[in-house]
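Subject: Structure for your files

Hello,

Here is the structure I said I would pass on. My notes on it follow below.

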Amino acid sequence: MNYNNFDQIKPLKKEIWDKVNLNYIAKSIVELMHEKLAEPALVGSSTPGWNDYHLATDSAAIYYTFSGQERALDYLHIDKKSIKKFVNGESVAVNNAPAFYTELQQTFGIKPFTLAHFIEETLNTLYADAYIHEKGRLSADELANADYQTIEHQMDGHPWATINKGRIGFNHSDQGKYAPEAAQKTRLAWLAVHHSRASFKSIESISAFSFYNEELSLKQVHDFNQVLLEQQLQPADYFFIPVHEWQWNNKIVLQLAHDIALQLIVPVGLGADEYMCQNSIRTFFNVSEPKKHYVKTAISILNTSIFRGLSPKKLAIAPRVTQWAKDMLQGDEYLKQTRVVLLGEVATVAYTHPQYSEIPGSPYQYQEFLGAIWRESAENYLLEDETIMTMASLLYVDDQGKSMVQALIEKSGLDAAIWLNAYLSAYLKPILRIFYKHAFFFSPHGENTILVMKNGVPERIIIKDFVEEIVLTDESKAKLPEDLVDVLREINDELAPLFILSGIFDAVFRYLGNIFHSYVGLDEKQFWRQVADVILAFQQENPELSSKFEKFDLFVPEFIRVCINRVRLLTHGYSESTDVPVPELIGTLVNPAAEALREDVLA
């Protein structure tokens with residue numbers, strides 16, 4: 001045993017462990033209330049503006065109490081310090097997040113097998129959270145002035161999913177090497193993969209020969225070719241593909257042993273460039289040459305509900321979808337004025353597993369062991385004095401209770417309402433144009449959206465990962481070649497507005513509205529009125545789309561409540577399927593943008 005591994009218990013200090021468990025319980029209460037799974041009783045209001053709650057468990061002897069302020073979209077701004085746990089009438093420490101779920105198993109209706117797996121993911125997430133806190137979180141002011149990569153590595157993970165760092169498959173050493181919060185530099189290993197198993201796809205302007213010479217360098221391609229020639233193999237019969245170290249050790253060597261033995265897969269060496277993984281754990285940023293492509297690799301861990309491999313079917317079409325999307329948007333003058341950028345997935349390599357591919361209906365993760373995507377770097381689209389940051393960082397609140405948004409507003413010298421309008425215009429208008437004009441539906445949430453900043457003010461957005469997220473309506477299906485339609489997901493027209501109503505209002509603005517209200521001092525109702533105003537301004541700027549605005553109405557009084565934690569806890573659990581699990585739809589949420597307009601009319 002390597003006793004250096006004992007260093008991995010460094011984050012496990014009682015003070016830190018207590019803190020991350022309390023944070024996790026608070027988040028669980030908030031998100032499970034939002035999904036109508038936790039339904040505490042409202043028992044009064046001991047402090048003006050705050051409601052007091054009582055949450056019963058499966059046992060009459062155990063219950064929780066806490067205080068919070070109600071926000072739009074069934075969100076509760078919870079006072080973490082108010083959370084108390086009582087056992088047999090005695091107050092005990094609130095520092096055991098797994099126990100919170102075992103105590104409420106029957107109340108929530110969680111099956112034993114599901115709960116055991118869920119506790120595993122919970123403990124993994126708690127360790128990662130402890131790692132972050134032991135390492136030290138930056139202040140909001142520091143983060144507001146940090147570079148793109150520093151911001152990426154300070155993020156807390158998915159705001160909605162409670163088990164947002166479950167990473168089943170990682171051990172504690174992997175956490176310190178491969179997790180985004182570890183912020184470790186790495187060099188990618190490269191394999192030569194035979195044409196009989198692998199396919200290279202790219203946009204029209206790229207050939208495999210020129211691509212590898214530019215991405216790797218002429219010398220490195222020559223060196224890799226020499227490795228093949230020394231084994232009496234022909235370089236012309238192979239493509240090169242980068243592989244994640246974890247994937248090589250845990251999946252490739254064993255699950256593709258047959259192909260390695262037959263020299264259909266040949267290790268050829270380490271790349272020269274250094275990379276750092278992004279908040280998206282399988283995507284790497286080139287720190288040696290930032291204008292080179294992002295590299296997305298397969299890593300078959302279970303994280304935030306899905307295995308993080310790469311689908312050969314989607315890899316095969318990604319460059320063509322990129323070409324189609326860019327061609328479609330190229331002639332749009334309105335979009336040009338917004339200066340939005342879609343980062344193209346310009347080249348891919350997909351590898352077909354010889355056995356699992358022959359099993360119809362097998363679990364999707366067995367098809368996704370080896371693949372790579374090269375995506376354009378945002379660095380190529382920046383002008384002088386522009387910087388970039390993940391939009392997810394707008395939800396960051398430091399350990400002193402200061403928000404990233406407040407720090408950015410102070411940096412900008414603007415007041416909060418003007419800053420908010422700049423952000424909403426930069427973010428919403430191009431997305432609304434893409435949705436309404438081009439019937440192009442995807443999920444522009446915080447992790448998939450990059451803000452282009454100038455002097456602390458959002459100027460425009462860069463969208464990444466749109467290819468994998470695309471969902472088609474009848475209109476968009478008619479615009480695509482049939483073979484692309486067969487791979488991409490479809491949605492009924494009546495559900496299409498959820499990509500804004502749920503994907504932005506609920507998944508982004510539910511949290512951001514609370515940030516402005518609780519940490520900036522701008523009333524949540526004003527926040528939603530400004531959201532409505534930007535949508536109305538967009539509609540006035542695009543009168544030719546009026547029929548679409550009626551068809552896909554963003555001012556409906558209520559919209560369907562989308563749930564993701566219920567999927568893991570109740571509906572899908574940890575069962576295997578041929579595709580990734582889909583969210584559960586349950587009941588409705590009051591639309592705060594519509595409420596803002598209605599209240600304005602009544603006033």
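Helix α4 itself covers residues 112–135, 24 residues in total, and reaches 35 Å from its first C-alpha to its last, close to the 34 Å expected at 1.5 Å a residue. That expected span is 1.5 Å times one less than the number of residues. Helices here are DSSP runs of H or I with at least four residues, strands are runs of E with at least two, and both are numbered from the N terminus.

This is a predicted model, in which local features need pLDDT of at least 70 and side-chain atom pairs count only at pLDDT 80 or more, while totals for chains, interfaces and linings use all residues. Residues are numbered from 1 along each chain as its sequence is written, and side-chain values use heavy atoms, with hydrogens and water left out.

For background, most residues other than glycine have a negative phi. Asn 455 sits in the loop between β19 (449–454) and β20 (457–463), and Asp 465 in the loop between β20 and α16 (466–469). Asn 455 is exposed, at 57% relative accessible area, whereas Asp 465 is buried, at 6%. The cut-offs are under 20% relative accessible area for buried, over 50% for exposed and partly exposed in between, with a 1.4 Å probe and protein chains only.

The domain assignment gives domain 1 (14–109), domain 2 (184–313 + 346–378) and domain 3 (398–440 + 489–602); such bounds come from an automatic or database assignment. The centres of domain 2 and domain 3, taken over C-alpha atoms, are 36 Å apart. Nine residues of domain 2 are in contact with eight of domain 3, contact being heavy atoms within 4.5 Å.

The second largest pocket lies between domain 1 and domain 3, because both give residues to its lining. Its space is about 620 Å³, a volume being the space filled by probe spheres set on grid points joined across faces, edges and corners. A pocket is an open set of points on a 1 Å grid over the protein atoms alone, where a 1.4 Å probe fits, with protein on both sides within 12 Å along at least five of seven lines; lining residues have an atom within 4 Å of a point. The lining has 25 residues, with Glu 70, Arg 71, Ala 72, Leu 73 and Asp 74 nearest the centre. α23 gives the most, four residues. By type, the lining divides into 13 nonpolar, two polar and 10 charged residues. Nonpolar covers Ala, Val, Leu, Ile, Met, Phe, Trp, Tyr, Cys and Pro, charged covers Asp, Glu, Lys and Arg, and the others, Gly among them, are polar.

Some single residues remain. Gln 530, in helix α20 (residues 524–541), is buried at 10%. Leaving out residues up to four places away in sequence, Gln 530 touches Ala 417, Leu 420, Asn 421, Leu 424 and Leu 522. Thr 297 belongs to strand β12 (residues 294–297) and is buried at 1%. Ser 546, in helix α21 (residues 546–551), is partly exposed at 39%. Ser 546 and Tyr 436 are 110 residues apart in sequence but 9.5 Å apart in space, C-alpha to C-alpha.

Regards
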